Amino acid sequence: MNLVIDCFKLVKGAGKSIGIYNLAKSITCHLGERMKEEWEKGEGDGSHSVIVLGNCCNREEFDVPGVTFVEVPGNPRNKLYCILWELFLVRRYARRYQADRVLFPRGYRPVGRNGFIGRRGDGGKIRDTILIHDLIPFYYDKHYPGVFHKTENAYIMNRLKVSMRKADRIITISGYSKADILEKVPGCREKIAVIHNGLNDVAFRKTGGPAEGRPYIAAMTSELPHKNAAGILKTYETYRRTAKEPLDMVIFGLADTSSFPETDKGAAAHITCYKFFENFEDMCRMAAGAKAYLFLSYVEGFGFPPLEAMQLGVPVVCSDRSSLPEVVGDAALLVSPEDDKGAAEALIRVTEDAGLREELIRKGYENIRRFSWESRTDLYWKELFR
């Protein structure tokens, strides 16, 4: 069986989500490792192959042992060419490489005659699987209609709906996202498989200890409304007013607090912001030095930051919305992202109660075992080579 993975449009740092790029890379690498192991053990019978359709920008990370990498000509940053690729051209490549199944990590399948991509040389149907991370474009259309370009967002929502309706199989990354899909496109329950994301070891754990200095609280957010930076800042203001010995805060994902002029200046003076880290290890080192980790997003298809904090041995205070309770389980204190008083009280409990902190750290280590890539690879293998 020939599995083709469409990675042509994936360029690290381009687009709105690094999560799609990283998940596609992880799936490719781990399926490649599985193929390579079977060859080395002599267990592979040559009936399976993985072919990656990539570009000149992602060859370094997607051209891995165990897979056949095809560098597709064309500019993956050119929107018009990418639309043509997505709608029509990928079908040609699927047929050229005799695909039995095509995986679309971005969630968009091409427009195909009679609702499918095409036929193989032997006349059999090429089946397709789409990977849906979340339906945040629909969330923005409802709650923040002015943030994204109206026409572009309408196009994305339509493409996602058609793709979910027409696809042979759908993989999504959480039970929450599955429920969201079924709300938008009823009737596709039987073709949805939930496979939680796999969690890669944070690189920092291999390179050194945490940052030194005064104790602090870490938080992850961005200026996108659903990440709730305003809620984090409001929570910190409340925390500073109520804690006996308040700690400083380090925020990842913001350049500064100037976009939120309502922030109390006294609290802002104790906040250090980092918009971006060139080296992921540096961010991990900074997060590992925190006494607590705050994540107050309104909606996430999965939500890696709390799990990464758990890997680093940092207790987590987390939003109780969307997929996050499903992902963190009982290993975090769950709070409403709109309740700054409740979130501040949770921060005080975590930073001042050593027993609670140790319990959350222990539960965090236990929780992350659910997301090992060994188990994820088994699930993807069974689903894609079914």
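Me: What makes Arg 362 count as partly exposed?

Reply: This is a predicted model, so the value is computed from predicted coordinates. Arg 362 has 43% relative accessibility. Buried means under 20% and exposed means over 50%. The value falls in between, so Arg 362 counts as partly exposed.

Me: Why is the contact between Glu 366 and Arg 362 called a salt bridge?

Reply: The N to O distance between their side chains is 3.2 Å. The cut-off is within 4 Å, from a nitrogen of Lys or Arg to a carboxyl oxygen of Asp or Glu. The pair meets it, so the label holds. Glu 366 is partly exposed, at 38% relative accessibility.

Me: How far apart are Glu 366 and Arg 362 along helix H13?

Reply: They are four residues apart in helix H13 (residues 354-368), which means a separation of about one helical turn.

Me: What makes Arg 321 and Asp 320 a salt bridge?

Reply: Their side chains meet at 3.5 Å, N to O. That is within 4 Å, so the pair counts. Arg 321 has 26% relative accessibility and is partly exposed. Asp 320, at 34%, is partly exposed as well.

Me: Which label do Arg 109 and Asp 128 get, buried or exposed?

Reply: Both are buried. That puts each under 20% relative accessible area. Their side chains meet in a salt bridge of 2.8 Å, N to O. Arg 109 lies in the loop between strand S4 (101-104) and strand S5 (127-132), and Asp 128 in strand S5, so the pair ties together parts that are 19 residues apart in sequence.

Me: How many salt bridges does the whole structure have, and which residues are linked in a network?

Reply: The search finds 23 salt bridges. Lys 9, Glu 86, Arg 106 and Arg 159 are linked in a network of them.

Me: Why do strands S3 and S7 count as edges of their sheet?

Reply: The sheet is open, with seven strands in the order S3-S2-S1-S4-S5-S6-S7 and parallel pairing. Strand S3 (68-71) and strand S7 (192-194) each have a single partner strand, so one side of each is left without a neighbour in the sheet. The twist averages 20° from one strand to the next.

Me: How do you know that S1 and S4 pair?

Reply: Two strands pair if there are at least two bridges between them. Strand S1 (residues 2-6) and S4 have three bridges, in the parallel sense, so they pair. Val 4 has Val 102 in S4 as its bridge partner. Helix H6 (residues 175-184) packs on this sheet and touches S5, strand S6 (169-172) and S7. The direction of H6 makes about 160° with that of S7.

Me: What makes strands S10 and S13 edges in the sheet of six strands?

Reply: The order is S10-S9-S8-S11-S12-S13, in an open sheet with parallel pairing. The twist here averages 20° from one strand to the next.

Me: How do you know that S9 and S10 pair?

Reply: The requirement is at least two bridges. Strand S9 (residues 248-252) and S10 have four, in the parallel sense, so they pair. Phe 252 stands opposite Tyr 274 in S10.

Me: Which strands does helix H9 touch?

Reply: Helix H9 (residues 280-288) touches strand S8 (216-220), S9, S10 and strand S11 (292-295). Its direction makes about 150° with that of S9. Helix H10 (residues 304-311) lies across S8, S11, strand S12 (316-319) and S13, at about 170° to S11.

Conventions
Residues numbered from 1 in each chain as written. Predicted model: local features only at pLDDT ≥ 70, side-chain atom pairs only at ≥ 80, totals over all residues. Heavy atoms only, no water. Helix = DSSP H or I, 4+ residues; strand = E, 2+ residues; numbered from the N terminus. Buried < 20%, exposed > 50% of the residue type's maximum accessible area, 1.4 Å probe, protein only. Axes fitted to C-alpha atoms, helices over the stretch in contact; angles between N-to-C directions. Contact = heavy atoms within 4.5 Å.
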